[in-house]
Amino acid sequence: MTAGAAGLLIPGVPLLLGLLGLLLPAGDREGHEPRRLAAALGVAGAGTSLVVTLLLLLTAKHPIEFSEHWVTVGSIEVTIGFATGMAALYVALAVAVVALFVQIYSVAYLHDDPRYAPYAAQISLFTGAMLLVVTSGDLIGVLVGWEVMGACSYLLIGHDRRLPEAPAAATKAFLVTRVGDIGFLLGVAVLITQAGTSRIGPVLAHDYSAGTLTAALLLILAGVAGKSAQFPLHTWLPDAMAGPTPISALIHAATMVAAGVYVVFRLYPLFDRTPAATAVLGVLAAITILLGALAATAQDDMKRVLAWSTVSQIGYMTGALAVGSPAAALFHLLTHAAFKALLFLAAGAVIHAVGTNYLSRMGGLREHLPVTFWSFVVGLGALAGVPPLAGFWSKENVLAAAAHATEGGGPAPVWVAWLVWLAALFAVGITAWYATRLLLYAFFGVSRAHGPAGPDWEIGFDEARYTQPATPHDPPGLMRWPIMLLAVPAVLLGLAAYAPGFRTALELENPHLGVAVALPMLLLAAGAGTAWWLWAAVPGVDPATALGGARHLFATGFHLDKVQDRLVVRPAVALARLVTATDERVVDAAVEGTGTTTTHVGGALAAAHRFALPAAALLVFTGALVLTVVAVGAAT
Amino acid sequence: MTNRDYLVHGPTWLQVVLIAVLAVPAAGAAMVALLPSRADRPARLVATGVAAVTLVLTLLLTAAGIGDRGWFEYGPDDARPALPWVSVDAPWVPALHIDFHIGVDGISYPLVVLTALLTLLCCAYTVWKVPEGGPGRTLAGLLLLLEVGILGTFLALDLVLFFLFFEVVLLPMYAVIAGWGGAGRRRAAQKFVLYTLVGSVLLLLGVLTVVAAAGTGDIVALTGGEGLTRNTQYIAFALFAVAFAVKAPLWPLHSWLPDAHTQAPTVGSVILAGVLLKMGTYGLIRIGVGVTPRGAAWAASVLGVLAVAAILAGALICLRQTELKRLIAYSSVGHMGFVLLGIATLTTTGIEAALLGNVAHGLITGLLFFLAGAIKDRTHTGDLAHLGGLREAAPTLSGLLAFAAIASLGLPGLAGFWGEAFAVVAAVQRGGPAWTTLAVLAAIGGALTAAYFLRLLRTVTHGPATPTVSAISPAIAGPEWFAWAPLVVLVLAVGLIPALVLTATSLPVFSLSEAVR
């Protein structure tokens, strides 16, 4: 088997096992056979992808290409293709690793969930779809993976039956991304109809006119914004936290939300020569970085803090793409996948232990959950960019690229580079602030588990059905090991920038730590220091209270949900009402009206035929006379 | 057309098979009708057997498509149209230039198999469950009669014959709705039959216009618009377009459809949505674009605008529906809008997308109506306000509904994707501000489609089970699996291997789109 054909196994095996898994009946007892089988299928799917990716990574010396005819629709040939450079293989590796850990973690996390089997199968399908996006050599293949991921995300967010908000959150996630995908589909359509093929290689090489290319890339950016939760299509991500926590780790932190970044990376040769598209990308990135960071400062739900920080961190990646450094974007993608997956899995351990998502009900967890605590320290440190953890190096790369682009020479205009650089710099401080707040508020001080409002908080979330142990404790091994193993890349992955193989694969520049590091370090210290100082001044009180009036604004994500509701949802509903009314009262009424009118006319005519004989005879003769006159007239 | 020898093709045994495809269900219908009323169940079993034989016969026709490729030797440069794989031509009413000319090619073949398959599934379903209203054997017999009409329409290669088969379908469908339907069945059936009869009158006028002008009704000979002046083509296409638009149905000529679907029994809805609507789109491709290409080119933009209007209107109306079957019926309006958009582009990509969309819609909506029927049978209501939490009460049924809904909203990897995405691609391919706008609007319609299906799933499957739903049993009967499983498998198979539908279409579609230029 050639390397390319073997590469098809990477997305193929999890997809196939996922489909098989959907056929399993939902086992409802622990140790029940279908449950074990479902777990085995899930782990085998992610495991196979991981092994094949590793083998390719170790053996391949140059980019792998493989394509096979799939179908020809009219003049457009679609292929099933595998095309990856080394960078793509690293992304595939990250996806497979996180997916494998999440599958293992879920076995314990959902140990009493009767619908575990479809859940595991859907994760497998998702993993396959994400790997298809990463490895496909064909834009239609990317589109297939892209949408299947969206569908799996929808199904998994809505997994929990006890959560009243879960179905709405799932629907919102699918719909908002689908709105972006209008653009994605159209953009892909423009690219492939112009190039005459949907294979990515020829598409990248095709000579598009500037206007067409700008239009196509802007359309694709709409899809990217939807999938990667970039302003203004980010609103679904915080709500998506209604999904089970391992899902948040896999889909809504490490992989799917990074897919948009990856697609821009994949099509970067096109973006590189389109200043308008990179400018738009840069402006949206700058807004997203600050928006996400500020919103994260005021959340009470631990998962929502992490969700908003994901929004913000993906803004760093798109920002790096906008200022012309796809390598920095990809590096941050990889480190982010590691530390954010770690944070979410650790958050799952906290929720598992205390039975609530709310920071205001936590506190003092450090002594009871040492492993979880230290995982949080590592994860939050990496998120904030504390040296020498992974996030420090990748964030430094992004900042350096942006600073470099302010001198001109990037694909986007210089002012965009300034915007991205300033936003990224300020966000370092804000990120340090909310990371410190999260750590202090959840793990230090005294427990607030039994708050003034009593124990009503146990109702609601999935996690709440775990019986509350007398004292919170670290999770069982199946959950603990993935967390501890993920801490390794969260610490060390940044140093990989010094490993030549990894560096050349990503086309990263040599790491250089100059005076430029001082500014972000200063902001980092300021942010963390302020949060610490607020906490130390009044221990046990949420440092977010210091935000004052802005707190509510930040907590609601700048009311953008309401804006979206007013600008999109309500007009669409009003339009639907109008069209339905028109359909019933005009279109169908016209048809019904024609029917009744015909019946009435028929009735009138029938009545007209019931004349008395003399009148009828008179009419017949009159008719004959008229006809004769007409005939004579016509003849002469 | 003095020398028509070249029109008759295929080995004799295949010609026999071709005739048998029509003769077997016709004979089966007669046989079922003649069986005594006490043999109700045996009669339904006989009908199922006949439908199975018919399906096997249609599958045998594949041999013609795969085997000898000799008929494909006409290259793109050849002026002759692509010829059918196998055909039978016998003089019927020579004085009126009417021949019994039937044949099958890559365009009609997928629809022929789809028809045979859905009829078999419906007959088998009828063995298990007869809707209230009349004897089951009559229903099964009517299904076979419907099959004859629909297969005849797809196989006919003579305009007059096409018209006759087109009409044969009307009365059995009327009887199925009026006999076994819901509470408002009579009115819905009358509306269906009167509305589509108006379309038929226009079709007859169009057929007569063409036959009178060209002196022949032979579709193969007429393909490419040979012997028809520009004005004749314009007039004939206008008549055809309206006639087929009623059948398809194209907004705003659709209003018979929701009533008919809501009232029809499950098997009636499945046949109606699965294949009957396809007679309209098939006719538009085979006759509208084939026989009057200049007319099609002339009216393409109008057709495109109406198609997009149908997509958007269908989706928006679906957002407001409160009845399960009515929602699915309106979703057909939107889906057929995508098919018509593909046709309206008149490009090879568009027409192939339309053919794929046709088959995909038949599979997916057939499945959706089966599932809607199963839900209504169990809960005795289709009112969305009374449905909810299906996944708590019947997880498998709920999972199947989710699968069908997600397929219907065009998820890539499932059948619905190809037709809709490539209709949009084809519109982009046409280029220019007008077609680009249509592509954008159609893509927005795709997102709205997702919106109403997700709303449906959220209402019906998620949340706590309503009292109506929690009372139902989660079990799914064997016959139900028999009817659903092939559709589920095919939805996935066509999604993964769209070439199943498209393999043999490229040449005939190429010749159609060449004629338009």
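pLDDT is the predictor's confidence in each residue, on a scale from 0 to 100. This is a predicted model, and chain B averages a pLDDT of 86, with 94% of its residues scoring at least 70. For the complex, the predictor gives an ipTM of 0.89 and a pTM of 0.90.

**Where to be careful**
- Residues 1–6 of chain B have a pLDDT below 50, and this stretch makes four contacts beyond near neighbours in sequence.
- Residues 67–79 of chain B also fall below 50, with seven such contacts in the model.

**A mostly covered helix**
- Helix α7 of chain B spans residues 170–180, and nine of its eleven residues are buried.
- Among the buried ones are P172(B), M173(B), Y174(B) and W180(B).
- The cover over the buried residues of α7(B) includes α5 (136–155), α8 (185–214), α11 (256–263) and α12 (266–291) of chain B.

**Two cis peptide bonds to look at**
- A248(B) and P249(B) are joined by a cis peptide bond, with omega about -10°; P249(B) sits in the loop between α10 (230–247) and α11 of chain B.
- The bond from W251(B) to P252(B) is cis too, with omega near 5°, and P252(B) is in the loop between α10 and α11 of chain B.

- L346(B), not a glycine, has a positive phi of about 60°; look for it in the loop between α14 (324–345) and α15 (348–379) of chain B.
- L346(B) counts as buried because it has 22 C-beta neighbours inside 10 Å, and the cut-off for buried is 20 or more.
- H380(B) has a positive phi near 60° and lies in the loop between α15 and α16 (390–393) of chain B.
- H380(B) counts as exposed because it has 11 C-beta neighbours inside 10 Å, and exposed means 12 or fewer.

Terms used:
Residues numbered from 1 in each chain as written. Chains lettered and ligands numbered in written order. Predicted model: local features only at pLDDT ≥ 70, side-chain atom pairs only at ≥ 80, totals over all residues. Helix = DSSP H or I, 4+ residues; strand = E, 2+ residues; numbered from the N terminus. Contact = placed C-beta atoms within 7 Å.
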